[in-house]
Amino acid sequence: MRTIRIGSGAGYSGDRIEPAVELAEKGDIDYLVFECLAERTIALAQQAKMKNPAAGYDPLLDARMKAVLPLCKQKGVRIVTNMGAANPDAGAQKTIEIARALGLKGLKVAAVSGDDVLDQIRETPRKLEETGGSTTDLGNRIVSANAYVGVTSIVEALALGADVVITGRAADPALFMAPLVREFGWAMDDWDKLGKGTVVGHLLECAGQVTGGYFADPGVKDVDGLGRLGFPIGEVAEDGTLVVTKVASAGGKVTPQTVKEQLLYELHDPKNYFQPDVIADFSQVAVEAIGPDRVRVTGGTGRPKTDTLKVSVGYIDSYIGEGQMSYAGPGAVARGQLALDIVRERLSIMGVKTTELRFDLIGIDSLHGRTRSAGHDPYEVRARVAGRTETLAEAVKIGNEVETLYTNGPAGGGGAFKVAREVVAVQSVLLPRNLVGSSVRILEA
């Protein structure tokens, strides 16, 4: 039975580049997939595009393409990625420029567009799934709206001979499933195969998580070689059976346990995993070790897709002001607490307007409140004050007051840090899929 080998080159925008090079060089792969978009990433990319029409693609696209294009061209490895973010056309053009600079003649790069549905969202009010409100509640604060699209346009780009396919907000598993649909000729109403393809994509999309990175817990779940952690390879047969593995010399490990943890990652209902192309059912998935760092995965299936697509709406939510100061030595906790009390009083005296305000001693109560273990106080703490505001000017005041602890607070404070930043938040709406188009543009070096 024919098998396609797909390497996962990235699990998020800022991921390491060396494992992707390792896969291209030693992985004997047919495809290299870079999954680089989180929920807010594309909204931030849209803001970058507003400031510069030639921007808006992934900041590491340049470095990644320079690192892997020569190897992939030499070995016939095709690349699929959502590094186009808010501007797939610009990302494709940049890739062509890199290919020309590297002397890679004849390289075909496809830009897949159509996921940007900002105009459709602004035209008609839509229900916000998280809050039950409406997009009209967000007013002019909306900066982006991108639909999670499926495999169709990626498959089209591959059929047109693209060596590199650059998309915007494609669904994460779709990046991995598209090569399977193209290579095996799976029908777009073969729900069983598409469900299995979704399992493949879901297991590979987070890269180093399934090879032991996010899995590791010293003394409980030990993983060797994390400093040289390798990213996964999916060996996918025509019937959808998957074997998860990695380059033998890479760090990390692939076991039934690492695969099970990734299978459940960000999964709400295993029987109803909604994707643009299928409703996948993971409830009968089985995993089995068949050799060192080799795990077979079977049993996924699916049902017909929905009439709507999820749209991630990015908007300016608020501003956050933050300040930090460290205290060490005898009495560090008491001095840190006094520092927080001083800032609390100062912000009240100044009338700083916040909608949310936190006073934390990092390492003691910043995550779970005052649930510290009994025993001696730590030798050092870091006081942190953070507040949410409606204006940047108010946010700036919070960090400024923390900084004044240098001379107006307890003894021994050091390492002051302050920042004020805009908060881009996301909510979801459902949009009829007939309102979402797509286009494929081929460029050639």
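Biologist: Which residues does Lys-196 touch, not counting residues up to four places away in sequence?

Modeller: Before that, a word on the basis: this is a predicted model, in which local features need pLDDT of at least 70 and side-chain atom pairs count only at pLDDT 80 or more, while totals for chains, interfaces and linings use all residues. Residues are numbered from 1 along each chain as its sequence is written, and side-chain values use heavy atoms, with hydrogens and water left out. Contact means heavy atoms within 4.5 Å, and by that criterion Lys-196 touches Asp-239, Gly-240, Gly-300 and Thr-301.

Biologist: Where does Lys-196 lie, and is Lys-196 buried or exposed?

Modeller: Helices (H or I, at least four residues) and strands (E, at least two) are DSSP runs numbered from the N terminus, and Lys-196 lies in helix H8, residues 191-204. Buried means under 20% relative accessible area, exposed over 50%, and partly exposed in between, with a 1.4 Å probe and protein chains only; Lys-196, with a relative accessible area of 15%, is therefore buried.

Biologist: What does Phe-231 touch, not counting residues up to four places away in sequence?

Modeller: Phe-231 has its place in the loop between H8 and strand E7 (232-237), and it is buried because its relative accessible area is 3%. The residues it touches include Ser-8, Gly-9, Asp-15, Arg-16, Leu-23, Ala-207 and Lys-246.

Biologist: How should I read the crossing of helix H6 and helix H7?

Modeller: Axes are lines fitted to C-alpha atoms, for helices over the stretch in contact, and angles run from 0 to 180 degrees between N-to-C directions. The axes of H6 (residues 152-159) and H7 (residues 172-184) come within 9 Å and cross at roughly 50°, which makes H6 oblique to H7, given that angles under 35 degrees count as roughly parallel, over 145 as roughly antiparallel, 65 to 115 as roughly perpendicular and the rest as oblique.

Biologist: Which residues of H6 and H7 meet there?

Modeller: Ile-154, Val-155, Leu-158 and Ala-159 in H6 meet Ala-174, Leu-175, Ala-178, Pro-179, Val-181 and Arg-182 in H7. Sorted by class, where Ala, Val, Leu, Ile, Met, Phe, Trp, Tyr, Cys and Pro count as nonpolar, Asp, Glu, Lys and Arg as charged, and the others, Gly among them, as polar, the contact has nine nonpolar, no polar and one charged residues.

Biologist: How many residues has helix H10, and what is its reach?

Modeller: The expected span of a helix is 1.5 Å times one less than its number of residues; H10 (residues 332-350) has 19 residues and reaches 27 Å from its first C-alpha to its last, close to the 27 Å expected. Among its buried residues are Ala-332, Arg-335, Leu-340 and Leu-347, and what covers the buried residues of H10 includes strand E14 (308-328), strand E16 (380-389) and helix H11 (392-403). H10 is followed by Gly-351, whose phi is positive, near 70°.

Biologist: What is phi in Asp-28 and in Ala-85?

Modeller: Asp-28 has a positive phi of about 50° although it is not a glycine, and Ala-85, likewise a residue other than glycine, has a positive phi near 50°.
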